Amino acid sequence: MVSVLEKQLALALDRRLSVFLAKAQNGSLLQDEMSLRAAAYMASEIIQPCCCMLCNKEKLAVLLQGTKLCQNQQELTQRLAELIYHDLARCNGLG
């Protein structure tokens with residue numbers, strides 16, 4: 001079950017990451033490391049205030065699957081979840 005907060009986070013991520021939709025749809029986002037890392041950084045800024053609720057890659061992947069950017073794109077979801085997880089860990093002094 002997805003909480004109201006997770007729905008709001010997914011909506012905020014959709015708005016912030018909409019600039020990457022075209023690249024995600026044609027498959028080039030995974031090949032463009034700069035854009036991929038920029039998307040992960042932008043997402044981690046939104047997630048940072050409540051990162052304790054999304055403390056592992058699996059929870060991040062579930063949240064990302066609720067966005068237009070990652071719908072039906074398992075490889076992109078996993079890659080972004082990993083990058084976001086590591087960025088959040090660094091921000092919290094764990095990396």
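Colleague: Which residues does Ile46 touch, not counting residues up to four places away in sequence?

Modeller: In this predicted model, Ile46 touches Leu9, Ala12, Leu13 and Arg16. Ile46 itself is placed in helix 3.

Colleague: Why is Ile46 called buried?

Modeller: The term applies under 20% relative accessible area. Ile46 has 17% relative accessibility, and therefore counts as buried.

Colleague: What makes helix 1 and helix 3 a packed pair, and at what angle do they pack?

Modeller: Contact requires heavy atoms within 4.5 Å. By that criterion, Leu9, Ala12, Leu13, Arg16 and Leu17 in helix 1 meet Ala39, Met42, Ala43, Glu45, Ile46 and Ile47 in helix 3. By class, this contact has nine nonpolar, no polar and two charged residues. Helix 1 covers residues 4-17 and helix 3 covers residues 33-47; they pack at about 145°, with axes 10 Å apart. The crossing of helix 1 past helix 3 is right-handed.

Colleague: How do you know that the length of helix 5 agrees with its number of residues?

Modeller: The expected span is 1.5 Å times one less than the number of residues. Helix 5, residues 74-91, has 18 residues and should therefore span 26 Å; its end C-alpha atoms are 26 Å apart, which agrees.

Colleague: Which residues of helix 5 are buried, and against what do they pack?

Modeller: The buried residues are Leu76, Thr77, Leu80, Ala81, Leu83, Ile84, Asp87, Leu88 and Ala89. They pack against helix 2 (21-25), helix 3 and helix 4 (57-65).

Colleague: How do you know that Cys70 is in no disulfide?

Modeller: A disulfide needs a pair of cysteine sulfur atoms within 2.5 Å. The nearest cysteine sulfur to that of Cys70 belongs to Cys50 and is 17 Å away, and Cys70 is in no disulfide. The count of disulfides comes to zero.

Colleague: Are Cys50 and Cys70 buried or exposed?

Modeller: The limit for a buried residue is under 20% relative accessible area. Cys50 has 12%, so it is buried. Cys70, at 0%, therefore counts as buried too.

Colleague: Where is Cys70 placed, and with which residues is it in contact?

Modeller: Cys70 lies in the loop between helix 4 and helix 5. Leaving aside neighbours within four places in sequence, Cys70 is in contact with Leu64, Gln65, Leu76, Thr77 and Leu80. Three of these names, Leu76, Thr77 and Leu80, are among the buried residues of helix 5.

Colleague: Why is Asn72 called exposed?

Modeller: A residue is exposed when its relative accessible area is over 50%. Asn72 has 76%, and is therefore exposed. Asn72 is found in the loop between helix 4 and helix 5. Although Asn72 is not a glycine, it has a positive phi of about 60°.

Note on methods
Residues are numbered from 1 along each chain as its sequence is written. This is a predicted model: local features need pLDDT of at least 70, side-chain atom pairs count only at pLDDT 80 or more; totals for chains, interfaces and linings use all residues. Side-chain values use heavy atoms; hydrogens and water are left out. Axes are lines fitted to C-alpha atoms, for helices over the stretch in contact, and angles run from 0 to 180 degrees between N-to-C directions. Helices (H or I, at least four residues) and strands (E, at least two) are DSSP runs, numbered from the N terminus. A crossing is left-handed if the near helix is turned anticlockwise from the far one by less than a right angle, and right-handed if clockwise. Ala, Val, Leu, Ile, Met, Phe, Trp, Tyr, Cys and Pro count as nonpolar, Asp, Glu, Lys and Arg as charged, and the others, Gly among them, as polar. Buried means under 20% relative accessible area, exposed over 50%, partly exposed in between (1.4 Å probe, protein chains only).
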